[in-house]
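Please examine the structure shown below.

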Amino acid sequence: MRVLVTGGAGFIGSHVCERFLERGAEVVALDCFDPMYPREFKESNLSEVRKSGGRFALVEGDIRDEAVLARLSDGPPFDRIIHLAARAGVRQSIDDPEGYLDVNLNGTLKMLEFARRTGAGGFVFASSSSVYGDQAQVPFTESDRVDMPVSPYAATKKAGENLCFTYQHLYQFPVTCLRFFTVYGPRQRPEMAIHKFARLIRDGQEIPVFGYGKLARDYTFVKDLVAGIEGACETMTGYHVYNLGNAHPASLMELIESVEKAMGAQARLKMMPEQPGDVHVTFASIDRAREELKFEPKVSLAEGIAAFVRW
């Protein structure tokens, strides 16, 4: 199998590259090393996959750059394109909606066109639980309405799903959209909550607790998520949407307590109101993924936080 992973040097992407290399696949990672966080983080993410020799290649470039995509056209078509590259983060998208729209929507369009032109065997799109908006009915199911996003980031992910449907309908190559629910674990980006909390606890600084600790998230360990991506790549037909979550939401205070326990240290808390774009709860129904992708999360929040802290 020949696999292209966009955002392949990132937190999730590097784990995906490792897993497919373990399966014996030929893996090409495309990453632009966006300066959202220091380059050395992504270089470190790739330390293991670089040991795979000729079965791994890194192409540095932007998903919107036609010259870069032309270089990727050399060689046989990709059996799977796993499109993870995106501008991430709800709050940051409020400050830069134009940038998020360009990368997340125009970039996805470029990758779908690349898949069409090159005859890719299947396209996997990384969507987000944020498409569900701030709805009260839980758990979230794939048949729920998702036309009321509450941040530019969420809007770009829903629009990306729409583009994926259009391309599958017009050109008939398999497309699967995966709605990720708050992914965490080793290599997590430094601005994400768990990484930030652990750093603040270590340094004896206050943790900002937005929503006064009442917000709840469905935290998904990265290796469980990768297993879901793997399952999606194995069962591609037509157009499908799946939730990939842990199906066990935890409040922000429960999360902080797990980090405290894993670190053996107490956090200093600063209670704060909700931020614009926040939703009150995310909670994945994974019945469809269980049945069709054989997806079954195995790592509890306590186990996953301990693994992150060890990293």
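Glu-230 forms a salt bridge with Arg-23, and their closest N and O atoms lie 2.7 Å apart; a salt bridge here is a side-chain nitrogen of Lys or Arg within 4 Å of a carboxyl oxygen of Asp or Glu. The pair links distant parts of the chain, 207 residues apart: Glu-230 belongs to helix H8 (residues 222–234), and Arg-23 to the loop between helix H1 (11–22) and strand S2 (26–31). Helices (H or I, at least four residues) and strands (E, at least two) are DSSP runs, numbered from the N terminus.

This is a predicted model, in which local features need pLDDT of at least 70 and side-chain atom pairs count only at pLDDT 80 or more, while totals for chains, interfaces and linings use all residues. Residues are numbered from 1 along each chain as its sequence is written, and side-chain values use heavy atoms, with hydrogens and water left out.

**Salt bridges**

- Side chains of opposite charge can pair when their charged atoms come close.
- A search of the whole structure finds 26 salt bridges.
- Glu-230 is buried, with a relative accessible area of 11%, whereas Arg-23 is partly exposed at 34%. Buried means under 20% relative accessible area, exposed over 50%, and partly exposed in between (1.4 Å probe, protein chains only).
- Asp-31 forms a salt bridge with Lys-42, with 2.8 Å between the closest N and O atoms. Because Asp-31 lies in strand S2 and Lys-42 in helix H2 (residues 39–45), this pair ties together parts that are eleven residues apart in sequence.
- Asp-31 is buried, with a relative accessible area of 3%, and Lys-42 also counts as buried, at 11%.
- A salt bridge also joins Glu-48 and Lys-51, whose closest N and O atoms are 3.1 Å apart. Glu-48 counts as partly exposed at 41% relative accessibility, while Lys-51 counts as exposed at 62%.

**Overall form**

- The secondary structure of the chain comprises eleven helices and 13 strands.
- A compact globule of 311 residues would have a radius of gyration near 19 Å, and the chain agrees with this at 19 Å. The radius is taken over C-alpha atoms, and the globule rule is 2.2 Å times the number of residues to the power 0.38.
- The C-alpha trace spans about 55 × 45 × 40 Å along its principal axes.
- Of the 311 residues in the chain, 54% are buried.
- Among the contacts in the chain with a separation of 6 or more, 82% are between residues 24 or more positions apart. Contact means heavy atoms within 4.5 Å.

**Strands and sheet**

- Which order do the strands of the open sheet of seven strands have? The order is S3-S2-S1-S4-S5-S6-S11, with parallel pairing. Two strands pair if DSSP finds at least two bridges between them.
- The edge strands are S3 (56–60) and S11 (239–244), each of which pairs on one side only.
- Strand S5 (residues 123–128) and strand S6 (residues 175–180) pair in the parallel sense over six bridges. Within this pairing, Phe-125 has Cys-177 in S6 as its bridge partner.
- Helix H8 lies across S4 (80–83), S5, S6 and S11, and runs at about 165 degrees to S6. Axes are lines fitted to C-alpha atoms, for helices over the stretch in contact, and angles run from 0 to 180 degrees between N-to-C directions.
- Strand S8 (residues 206–210) is largely enclosed by the rest of the structure, because four of its five residues are buried.
- S8 pairs with strand S13 (residues 268–272) in the parallel sense over five bridges, and Ile-207 has Leu-269 in S13 as its bridge partner.

**Backbone details**

- Most residues other than glycine have a negative phi, and most peptide bonds are trans.
- Val-138 and Pro-139 are joined by a cis peptide bond, with omega about -5 degrees. Pro-139 is found in the loop between S5 and helix H6 (152–171).
- Arg-187 has a positive phi near 80 degrees. Arg-187 is placed in the loop between strand S7 (183–184) and helix H7 (193–202), and is buried at 14% relative accessible area.
- Ala-247 has a positive phi of about 65 degrees although it is not a glycine. Ala-247 is placed in the loop between S11 and strand S12 (250–251), and counts as buried at 16% relative accessibility.
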